[in-house]
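Please take a moment to look over the sequence and the model shown here. The paragraphs that follow lead the reader through it, beginning with a helix.

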Amino acid sequence: MRKQRLIVPLALLAVLSVPAHAEERDIGRDVLAAHDGWAAHGSGTTGGAAADDAHVFTVTDRAGLVRALDGGSDTPKIIRVAGTIDANTDDRGRRIDCADYATDGYGLKKYLTAYDPRTWGSARPGGPQEEARQASAARQAERVVLRVGSHTTIVGVGDDAVIKGASLQVRNADNVIVRNLELRDAYDCFPVWQPNSGGLGDWKTAYDNLWLAGATHVWVDHVTFSDQGHPDEDEPTHFGRTYLRHDGLLDITHASDLITVSWSRFADHDKAMLIGNGDTAVADRGRLRVTLHHNAFESVVQRAPRVRFGQVHLYNNRYVVPEDAHDYRYSIGVSTESAVYAENNAFTVPGHVEAADLVKSWNGSAFFQRGSLFNGYPVDLLAIHNAYNSGSERDLTADVGWTPALHGPIDSAAAADRAVREGAGAGRIP
Ligand code: CA
(Lines give C-alpha, C1' and ligand atoms only; values in the text may rest on other atoms or scores of the structure.)
Protein backbone atom coordinates (compact mmCIF):
# COMPACT_ATOMS: atom_id res chain seq x y z
CA MET A 1 0.00 0.00 0.00
CA ARG A 2 2.68 2.55 0.95
CA LYS A 3 4.57 1.81 -2.23
CA GLN A 4 1.46 2.43 -4.37
CA ARG A 5 0.84 5.83 -2.79
CA LEU A 6 4.40 6.80 -3.60
CA ILE A 7 4.19 5.77 -7.28
CA VAL A 8 1.13 7.87 -8.17
CA PRO A 9 2.51 11.32 -7.27
CA LEU A 10 5.82 10.62 -9.01
CA ALA A 11 4.04 9.63 -12.20
CA LEU A 12 1.93 12.82 -12.07
CA LEU A 13 5.02 14.93 -11.52
CA ALA A 14 6.70 13.43 -14.58
CA VAL A 15 3.66 14.13 -16.76
CA LEU A 16 3.30 17.72 -15.54
CA SER A 17 6.95 18.52 -16.18
CA VAL A 18 6.88 17.62 -19.89
CA PRO A 19 5.13 20.73 -21.32
CA ALA A 20 7.35 23.15 -19.39
CA HIS A 21 10.49 21.62 -20.90
CA ALA A 22 8.92 21.54 -24.37
CA GLU A 23 8.16 25.30 -24.24
CA GLU A 24 11.69 26.10 -23.26
CA ARG A 25 13.29 24.37 -26.26
CA ASP A 26 15.67 26.94 -27.74
CA ILE A 27 14.90 27.31 -31.44
CA GLY A 28 17.35 30.21 -31.82
CA ARG A 29 20.16 28.00 -33.12
CA ASP A 30 18.01 25.86 -35.43
CA VAL A 31 19.12 25.86 -39.07
CA LEU A 32 17.22 25.06 -42.25
CA ALA A 33 17.18 21.33 -42.96
CA ALA A 34 19.11 20.07 -45.97
CA HIS A 35 16.93 20.00 -49.12
CA ASP A 36 14.17 22.15 -47.53
CA GLY A 37 13.50 24.30 -50.54
CA TRP A 38 15.54 26.85 -52.45
CA ALA A 39 17.08 28.37 -49.29
CA ALA A 40 18.90 25.04 -48.79
CA HIS A 41 20.78 25.54 -52.07
CA GLY A 42 24.58 25.91 -51.91
CA SER A 43 25.73 27.01 -48.45
CA GLY A 44 22.22 26.57 -47.01
CA THR A 45 20.63 28.85 -44.43
CA THR A 46 21.91 28.99 -40.85
CA GLY A 47 20.98 32.56 -39.86
CA GLY A 48 22.65 33.55 -36.60
CA ALA A 49 23.36 30.00 -35.43
CA ALA A 50 27.08 30.79 -35.19
CA ALA A 51 26.50 33.74 -32.81
CA ASP A 52 28.69 33.91 -29.73
CA ASP A 53 26.93 34.29 -26.37
CA ALA A 54 27.41 38.05 -26.40
CA HIS A 55 25.23 38.25 -29.53
CA VAL A 56 22.18 36.40 -28.26
CA PHE A 57 19.60 38.98 -27.27
CA THR A 58 16.14 38.77 -25.74
CA VAL A 59 14.22 41.93 -26.61
CA THR A 60 10.92 43.26 -25.31
CA ASP A 61 10.61 46.72 -26.87
CA ARG A 62 11.56 48.68 -29.98
CA ALA A 63 14.68 50.15 -28.43
CA GLY A 64 15.98 46.70 -27.52
CA LEU A 65 15.16 45.34 -30.94
CA VAL A 66 16.94 48.23 -32.66
CA ARG A 67 20.05 47.75 -30.50
CA ALA A 68 20.10 44.02 -31.26
CA LEU A 69 19.67 44.56 -35.02
CA ASP A 70 22.74 46.80 -34.85
CA GLY A 71 21.86 48.79 -37.95
CA GLY A 72 21.72 45.65 -40.07
CA SER A 73 25.28 44.57 -39.24
CA ASP A 74 26.70 41.27 -40.51
CA THR A 75 27.75 40.03 -37.06
CA PRO A 76 26.15 36.63 -36.39
CA LYS A 77 23.31 37.28 -33.95
CA ILE A 78 20.22 35.67 -32.48
CA ILE A 79 17.36 37.96 -31.52
CA ARG A 80 14.64 36.48 -29.32
CA VAL A 81 11.44 38.54 -29.30
CA ALA A 82 9.40 38.29 -26.09
CA GLY A 83 5.84 39.65 -25.99
CA THR A 84 4.61 42.47 -28.23
CA ILE A 85 6.95 45.10 -29.68
CA ASP A 86 5.35 48.20 -31.23
CA ALA A 87 7.53 49.96 -33.80
CA ASN A 88 5.49 53.16 -33.52
CA THR A 89 7.05 54.12 -30.20
CA ASP A 90 9.71 56.57 -29.11
CA ASP A 91 12.98 55.64 -27.43
CA ARG A 92 11.25 55.63 -24.05
CA GLY A 93 8.53 53.26 -25.28
CA ARG A 94 5.76 55.84 -25.60
CA ARG A 95 3.27 55.37 -28.44
CA ILE A 96 3.65 57.63 -31.50
CA ASP A 97 0.52 58.07 -33.62
CA CYS A 98 0.08 59.40 -37.14
CA ALA A 99 -0.67 62.95 -35.94
CA ASP A 100 2.65 62.97 -34.08
CA TYR A 101 4.52 62.17 -37.28
CA ALA A 102 2.73 64.79 -39.39
CA THR A 103 4.86 67.86 -40.07
CA ASP A 104 5.20 70.93 -42.32
CA GLY A 105 1.42 71.48 -42.33
CA TYR A 106 0.45 68.10 -43.77
CA GLY A 107 -3.22 67.22 -43.38
CA LEU A 108 -5.26 64.58 -45.19
CA LYS A 109 -8.10 67.03 -45.89
CA LYS A 110 -5.69 69.55 -47.38
CA TYR A 111 -3.99 66.79 -49.37
CA LEU A 112 -7.31 65.59 -50.78
CA THR A 113 -8.26 69.14 -51.72
CA ALA A 114 -4.93 69.76 -53.43
CA TYR A 115 -4.88 66.63 -55.59
CA ASP A 116 -8.55 66.02 -56.37
CA PRO A 117 -8.45 64.55 -59.90
CA ARG A 118 -11.40 66.76 -60.89
CA THR A 119 -9.32 69.89 -60.33
CA TRP A 120 -5.68 68.72 -60.18
CA GLY A 121 -6.00 66.37 -63.15
CA SER A 122 -3.82 63.33 -63.71
CA ALA A 123 -0.35 64.78 -63.04
CA ARG A 124 1.72 63.38 -60.20
CA PRO A 125 1.10 65.22 -56.93
CA GLY A 126 3.61 68.03 -56.40
CA GLY A 127 3.87 71.18 -54.30
CA PRO A 128 3.55 72.00 -50.60
CA GLN A 129 1.11 69.22 -49.52
CA GLU A 130 3.04 66.46 -51.31
CA GLU A 131 6.30 67.80 -49.89
CA ALA A 132 4.74 67.86 -46.42
CA ARG A 133 3.49 64.29 -46.93
CA GLN A 134 6.98 63.14 -47.86
CA ALA A 135 8.53 64.88 -44.85
CA SER A 136 5.91 63.32 -42.55
CA ALA A 137 6.39 59.88 -44.11
CA ALA A 138 10.14 60.12 -43.58
CA ARG A 139 9.52 60.67 -39.86
CA GLN A 140 7.44 57.50 -39.68
CA ALA A 141 9.94 55.52 -41.76
CA GLU A 142 12.70 56.46 -39.32
CA ARG A 143 10.78 54.58 -36.61
CA VAL A 144 9.21 51.64 -38.44
CA VAL A 145 11.79 50.56 -41.03
CA LEU A 146 14.07 48.04 -39.34
CA ARG A 147 17.04 46.68 -41.30
CA VAL A 148 18.04 43.04 -40.80
CA GLY A 149 21.64 42.18 -41.67
CA SER A 150 23.38 38.98 -42.74
CA HIS A 151 23.78 35.98 -40.42
CA THR A 152 20.79 36.94 -38.30
CA THR A 153 18.08 34.81 -36.69
CA ILE A 154 14.95 36.46 -35.29
CA VAL A 155 12.66 34.13 -33.33
CA GLY A 156 9.67 34.58 -31.08
CA VAL A 157 9.82 33.30 -27.50
CA GLY A 158 6.88 31.09 -26.55
CA ASP A 159 3.66 31.39 -28.53
CA ASP A 160 2.76 35.09 -28.37
CA ALA A 161 5.65 37.09 -29.82
CA VAL A 162 4.51 39.99 -32.02
CA ILE A 163 6.23 42.81 -33.88
CA LYS A 164 3.60 45.31 -34.95
CA GLY A 165 3.76 48.39 -37.12
CA ALA A 166 7.23 47.55 -38.43
CA SER A 167 8.58 46.88 -41.88
CA LEU A 168 11.41 44.38 -41.42
CA GLN A 169 13.73 44.76 -44.40
CA VAL A 170 16.44 42.35 -45.49
CA ARG A 171 18.27 44.35 -48.14
CA ASN A 172 21.44 43.14 -49.84
CA ALA A 173 22.06 40.64 -47.05
CA ASP A 174 22.60 36.88 -46.90
CA ASN A 175 21.64 34.11 -44.52
CA VAL A 176 18.64 35.19 -42.44
CA ILE A 177 16.07 33.19 -40.48
CA VAL A 178 12.74 34.57 -39.20
CA ARG A 179 10.58 32.11 -37.21
CA ASN A 180 7.76 31.76 -34.74
CA LEU A 181 6.71 35.38 -34.87
CA GLU A 182 3.66 37.44 -35.74
CA LEU A 183 4.40 40.38 -38.02
CA ARG A 184 1.35 42.60 -37.79
CA ASP A 185 -0.02 45.76 -39.33
CA ALA A 186 2.74 47.57 -41.23
CA TYR A 187 0.49 50.63 -41.30
CA ASP A 188 1.35 53.60 -43.50
CA CYS A 189 0.19 56.91 -42.00
CA PHE A 190 0.84 58.76 -45.28
CA PRO A 191 -0.26 56.92 -48.45
CA VAL A 192 0.57 58.71 -51.70
CA TRP A 193 -1.89 59.29 -54.55
CA GLN A 194 -0.76 57.82 -57.87
CA PRO A 195 -3.09 59.24 -60.53
CA ASN A 196 -1.83 57.06 -63.39
CA SER A 197 -1.99 53.69 -61.69
CA GLY A 198 -4.37 51.21 -63.30
CA GLY A 199 -6.47 53.77 -65.20
CA LEU A 200 -8.42 55.01 -62.17
CA GLY A 201 -5.44 55.95 -60.05
CA ASP A 202 -4.65 54.29 -56.76
CA TRP A 203 -3.31 54.86 -53.28
CA LYS A 204 0.22 53.55 -52.86
CA THR A 205 1.55 52.55 -49.49
CA ALA A 206 5.15 52.16 -48.40
CA TYR A 207 5.52 49.21 -46.09
CA ASP A 208 5.62 45.44 -46.40
CA ASN A 209 5.58 43.52 -43.10
CA LEU A 210 8.71 41.79 -44.39
CA TRP A 211 10.59 42.92 -47.49
CA LEU A 212 13.38 40.92 -49.06
CA ALA A 213 15.36 43.04 -51.56
CA GLY A 214 18.67 41.71 -52.82
CA ALA A 215 18.36 39.09 -50.07
CA THR A 216 19.74 35.56 -50.41
CA HIS A 217 19.36 32.43 -48.29
CA VAL A 218 16.34 33.44 -46.24
CA TRP A 219 14.13 31.00 -44.32
CA VAL A 220 10.77 32.29 -43.11
CA ASP A 221 9.01 29.67 -41.00
CA HIS A 222 5.94 29.66 -38.76
CA VAL A 223 5.41 33.39 -39.19
CA THR A 224 1.91 34.90 -39.07
CA PHE A 225 1.45 37.91 -41.34
CA SER A 226 -1.65 40.09 -41.05
CA ASP A 227 -3.15 43.59 -40.84
CA GLN A 228 -4.71 42.78 -37.49
CA GLY A 229 -5.91 45.98 -35.85
CA HIS A 230 -6.39 47.95 -39.08
CA PRO A 231 -8.10 45.94 -41.85
CA ASP A 232 -8.03 47.81 -45.16
CA GLU A 233 -11.65 46.88 -45.75
CA ASP A 234 -12.56 49.29 -42.92
CA GLU A 235 -10.76 52.19 -44.61
CA PRO A 236 -12.76 54.85 -46.48
CA THR A 237 -12.49 55.53 -50.19
CA HIS A 238 -10.89 58.75 -51.40
CA PHE A 239 -11.04 59.73 -55.08
CA GLY A 240 -13.18 56.62 -55.58
CA ARG A 241 -10.41 54.23 -54.50
CA THR A 242 -9.88 52.44 -51.19
CA TYR A 243 -7.46 54.38 -49.01
CA LEU A 244 -5.12 51.40 -48.55
CA ARG A 245 -2.82 51.45 -45.54
CA HIS A 246 -0.79 48.31 -46.25
CA ASP A 247 1.40 47.11 -49.09
CA GLY A 248 2.65 43.51 -49.24
CA LEU A 249 2.82 41.05 -46.37
CA LEU A 250 6.02 39.51 -47.72
CA ASP A 251 7.49 40.96 -50.90
CA ILE A 252 10.54 39.43 -52.58
CA THR A 253 12.19 41.74 -55.12
CA HIS A 254 15.43 43.24 -56.51
CA ALA A 255 17.15 39.98 -57.45
CA SER A 256 16.52 38.26 -54.14
CA ASP A 257 17.24 34.55 -54.46
CA LEU A 258 17.16 31.22 -52.63
CA ILE A 259 14.21 31.73 -50.29
CA THR A 260 12.12 29.15 -48.42
CA VAL A 261 8.81 30.17 -46.83
CA SER A 262 7.23 27.36 -44.83
CA TRP A 263 4.40 26.79 -42.37
CA SER A 264 3.46 30.46 -42.37
CA ARG A 265 0.06 32.13 -42.33
CA PHE A 266 -0.97 35.02 -44.55
CA ALA A 267 -4.33 36.37 -43.48
CA ASP A 268 -6.90 39.15 -43.94
CA HIS A 269 -5.00 41.19 -46.48
CA ASP A 270 -5.20 42.50 -50.03
CA LYS A 271 -1.82 41.96 -51.78
CA ALA A 272 -0.07 39.16 -49.90
CA MET A 273 3.15 38.32 -51.73
CA LEU A 274 4.86 39.87 -54.73
CA ILE A 275 7.82 37.98 -56.18
CA GLY A 276 9.41 40.34 -58.70
CA ASN A 277 8.13 43.91 -58.87
CA GLY A 278 8.60 44.87 -62.51
CA ASP A 279 8.38 43.45 -66.02
CA THR A 280 11.54 45.36 -66.98
CA ALA A 281 13.59 44.33 -63.91
CA VAL A 282 15.79 42.03 -65.96
CA ALA A 283 18.33 41.73 -63.11
CA ASP A 284 15.73 39.37 -61.62
CA ARG A 285 16.20 36.95 -64.53
CA GLY A 286 17.67 33.68 -63.23
CA ARG A 287 16.99 34.75 -59.64
CA LEU A 288 13.87 35.02 -57.46
CA ARG A 289 14.05 31.27 -56.80
CA VAL A 290 11.54 30.66 -54.00
CA THR A 291 9.94 27.64 -52.35
CA LEU A 292 6.55 28.09 -50.67
CA HIS A 293 5.28 25.05 -48.79
CA HIS A 294 2.72 24.33 -46.09
CA ASN A 295 1.55 27.94 -45.92
CA ALA A 296 -2.00 29.14 -45.32
CA PHE A 297 -3.43 31.94 -47.46
CA GLU A 298 -6.70 32.89 -45.80
CA SER A 299 -8.88 35.87 -46.74
CA VAL A 300 -6.27 37.15 -49.17
CA VAL A 301 -7.58 39.20 -52.09
CA GLN A 302 -4.67 38.69 -54.52
CA ARG A 303 -0.96 37.84 -54.95
CA ALA A 304 -0.63 34.49 -53.19
CA PRO A 305 1.86 34.91 -54.80
CA ARG A 306 2.19 36.96 -58.02
CA VAL A 307 5.43 35.95 -59.75
CA ARG A 308 7.78 37.46 -62.33
CA PHE A 309 10.98 35.77 -63.56
CA GLY A 310 11.39 33.32 -60.66
CA GLN A 311 11.40 29.54 -60.47
CA VAL A 312 8.85 29.16 -57.70
CA HIS A 313 7.97 25.80 -56.18
CA LEU A 314 4.54 26.06 -54.63
CA TYR A 315 3.49 22.88 -52.87
CA ASN A 316 1.15 21.76 -50.11
CA ASN A 317 -0.35 25.18 -49.49
CA ARG A 318 -3.84 25.84 -48.15
CA TYR A 319 -5.99 28.54 -49.71
CA VAL A 320 -9.25 29.65 -48.09
CA VAL A 321 -11.55 32.32 -49.51
CA PRO A 322 -14.36 33.04 -47.05
CA GLU A 323 -18.04 33.21 -48.00
CA ASP A 324 -18.20 37.00 -47.56
CA ALA A 325 -15.06 37.77 -49.61
CA HIS A 326 -16.64 39.68 -52.45
CA ASP A 327 -13.40 41.53 -53.22
CA TYR A 328 -11.49 38.31 -54.04
CA ARG A 329 -9.49 38.66 -57.29
CA TYR A 330 -7.14 35.68 -57.77
CA SER A 331 -4.63 33.55 -55.90
CA ILE A 332 -1.69 32.67 -58.18
CA GLY A 333 -0.45 35.37 -60.54
CA VAL A 334 1.61 34.24 -63.54
CA SER A 335 3.57 37.20 -64.90
CA THR A 336 6.59 37.89 -67.11
CA GLU A 337 8.98 34.95 -67.51
CA SER A 338 7.71 33.27 -64.34
CA ALA A 339 8.12 29.52 -63.88
CA VAL A 340 5.71 28.42 -61.16
CA TYR A 341 5.70 24.69 -60.39
CA ALA A 342 2.58 24.02 -58.27
CA GLU A 343 1.89 20.66 -56.63
CA ASN A 344 -0.83 19.42 -54.33
CA ASN A 345 -2.36 22.70 -53.20
CA ALA A 346 -5.91 22.84 -51.79
CA PHE A 347 -8.38 25.65 -52.49
CA THR A 348 -11.55 26.13 -50.48
CA VAL A 349 -13.73 28.88 -51.92
CA PRO A 350 -17.37 30.00 -51.87
CA GLY A 351 -19.83 29.55 -54.73
CA HIS A 352 -19.20 32.89 -56.40
CA VAL A 353 -15.51 32.02 -56.97
CA GLU A 354 -14.84 29.70 -59.91
CA ALA A 355 -11.82 27.47 -60.54
CA ALA A 356 -10.92 29.73 -63.49
CA ASP A 357 -10.49 32.63 -61.05
CA LEU A 358 -7.66 31.01 -59.08
CA VAL A 359 -4.87 31.56 -61.62
CA LYS A 360 -4.46 34.84 -63.48
CA SER A 361 -1.79 35.67 -66.03
CA TRP A 362 -0.24 38.89 -67.30
CA ASN A 363 2.49 38.36 -69.88
CA GLY A 364 3.05 34.88 -68.48
CA SER A 365 3.63 31.94 -70.78
CA ALA A 366 3.92 28.83 -68.60
CA PHE A 367 2.49 27.30 -65.45
CA PHE A 368 2.87 23.73 -64.23
CA GLN A 369 0.38 22.24 -61.81
CA ARG A 370 -0.71 18.87 -60.57
CA GLY A 371 -2.66 17.46 -57.63
CA SER A 372 -4.74 20.60 -57.09
CA LEU A 373 -7.97 20.32 -55.12
CA PHE A 374 -10.95 22.65 -55.60
CA ASN A 375 -13.41 22.38 -52.70
CA GLY A 376 -12.19 18.81 -52.20
CA TYR A 377 -12.34 17.72 -55.85
CA PRO A 378 -9.45 17.32 -58.29
CA VAL A 379 -9.06 20.19 -60.72
CA ASP A 380 -6.63 20.94 -63.54
CA LEU A 381 -5.91 24.63 -63.00
CA LEU A 382 -3.94 24.91 -66.25
CA ALA A 383 -6.67 23.42 -68.45
CA ILE A 384 -9.30 25.56 -66.73
CA HIS A 385 -7.20 28.69 -67.15
CA ASN A 386 -6.75 28.08 -70.84
CA ALA A 387 -10.40 27.21 -71.38
CA TYR A 388 -11.81 30.22 -69.56
CA ASN A 389 -9.12 32.90 -69.72
CA SER A 390 -10.29 36.39 -70.33
CA GLY A 391 -9.49 37.73 -73.79
CA SER A 392 -6.39 39.58 -72.58
CA GLU A 393 -4.73 36.45 -71.20
CA ARG A 394 -2.66 34.12 -73.35
CA ASP A 395 -2.86 30.37 -73.11
CA LEU A 396 -0.19 28.97 -70.81
CA THR A 397 1.90 25.86 -71.44
CA ALA A 398 2.89 23.34 -68.77
CA ASP A 399 6.56 23.58 -69.74
CA VAL A 400 8.13 25.81 -67.08
CA GLY A 401 11.62 24.57 -67.94
CA TRP A 402 12.60 23.10 -64.58
CA THR A 403 11.73 20.41 -62.07
CA PRO A 404 12.16 21.12 -58.35
CA ALA A 405 14.88 19.05 -56.69
CA LEU A 406 15.15 20.67 -53.25
CA HIS A 407 12.10 19.86 -51.15
CA GLY A 408 10.87 17.77 -48.24
CA PRO A 409 8.16 15.09 -48.45
CA ILE A 410 5.19 16.23 -50.56
CA ASP A 411 1.82 15.24 -49.07
CA SER A 412 -1.49 14.90 -50.84
CA ALA A 413 -3.34 18.21 -51.04
CA ALA A 414 -6.02 16.92 -48.66
CA ALA A 415 -3.52 15.81 -46.01
CA ALA A 416 -1.55 19.05 -46.35
CA ASP A 417 -4.73 21.13 -46.06
CA ARG A 418 -5.48 19.54 -42.67
CA ALA A 419 -1.87 19.75 -41.46
CA VAL A 420 -1.54 23.42 -42.43
CA ARG A 421 -4.86 24.32 -40.79
CA GLU A 422 -3.53 22.92 -37.51
CA GLY A 423 0.14 23.72 -37.81
CA ALA A 424 0.86 26.90 -39.79
CA GLY A 425 1.66 30.23 -38.18
CA ALA A 426 3.41 31.60 -35.12
CA GLY A 427 3.27 29.67 -31.87
CA ARG A 428 2.90 26.34 -33.62
CA ILE A 429 6.41 24.97 -33.99
CA PRO A 430 6.05 21.31 -32.99
CA1 CA B 1 5.97 46.09 -51.51
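In helix α2, the residues Arg 62, Ala 63, Gly 64, Leu 65, Ala 68 and Leu 69 are buried, where buried means under 20% relative accessible area, exposed means over 50%, and partly exposed lies in between (1.4 Å probe, protein chains only). Helices (H or I, at least four residues) and strands (E, at least two) are DSSP runs, numbered from the N terminus. Because 6 of the 8 residues of α2 (residues 62–69) are buried, this helix is largely enclosed by the rest of the structure. Asp 70 follows α2 and has a positive phi, near 60 degrees.

Some conventions apply throughout. The model is predicted, and local features need pLDDT of at least 70, side-chain atom pairs count only at pLDDT 80 or more, and totals for chains, interfaces and linings use all residues. Residues are numbered from 1 along each chain as its sequence is written, and side-chain values use heavy atoms, with hydrogens and water left out.

Buried in α6 are Gln 129, Glu 130, Ala 132, Arg 133, Ser 136, Ala 137, Gln 140, Arg 143 and Val 144. Seen down the axis of α6, these buried residues fall within an arc of 155 degrees, so they line one face of the helix; the arc is that of the directions from the helix axis to the C-beta atoms. On the other side of α6, Pro 128, Glu 131 and Glu 142 are exposed.

Distant parts of the chain are linked here: Asp 208 belongs to the loop between β10 (202–204) and β11 (210–213), and Asp 247 to the loop between β14 (241–242) and β15 (250–253), 39 residues apart. Asp 208 counts as buried because its relative accessibility is 5%, and Asp 247 counts as buried because its relative accessibility is 14%.

Strand β15 also holds Leu 250. At 0% relative accessibility, Leu 250 counts as buried.

On a 1 Å grid over the protein atoms alone, a cavity is a set of points where a 1.4 Å probe fits but cannot get out, and lining residues have an atom within 4 Å of a point. Grid points are joined across faces, edges and corners, and a volume is the space filled by probe spheres set on the points. About 40 Å³ of space lies in the largest cavity. Its lining consists of Phe 297, Val 300, Gln 302, Ala 304, Tyr 319, Val 320, Val 321, Tyr 328, Tyr 330 and Ser 331. The elements that give two or more residues to this lining are β20 (296–302) and β23 (318–320), and the largest share, 3 residues, comes from β20. By class, the lining has 8 nonpolar, 2 polar and no charged residues; Ala, Val, Leu, Ile, Met, Phe, Trp, Tyr, Cys and Pro count as nonpolar, Asp, Glu, Lys and Arg as charged, and the others, Gly among them, as polar.

Strand β20 also contains Ser 299, which counts as partly exposed because its relative accessible area is 25%. Ser 299 and Val 320 are 21 residues apart in sequence and 6.4 Å apart in space, C-alpha to C-alpha. Ala 304, one of the lining residues, is joined to Pro 305 by a cis peptide bond with an omega of about -5 degrees. Pro 305 is found in the loop between β20 and β21 (306–307).

Definitions and conventions:
1 Å grid on protein atoms, 1.4 Å probe; cavity = no way out; pocket = protein on both sides within 12 Å on 5 of 7 lines; lining within 4 Å.
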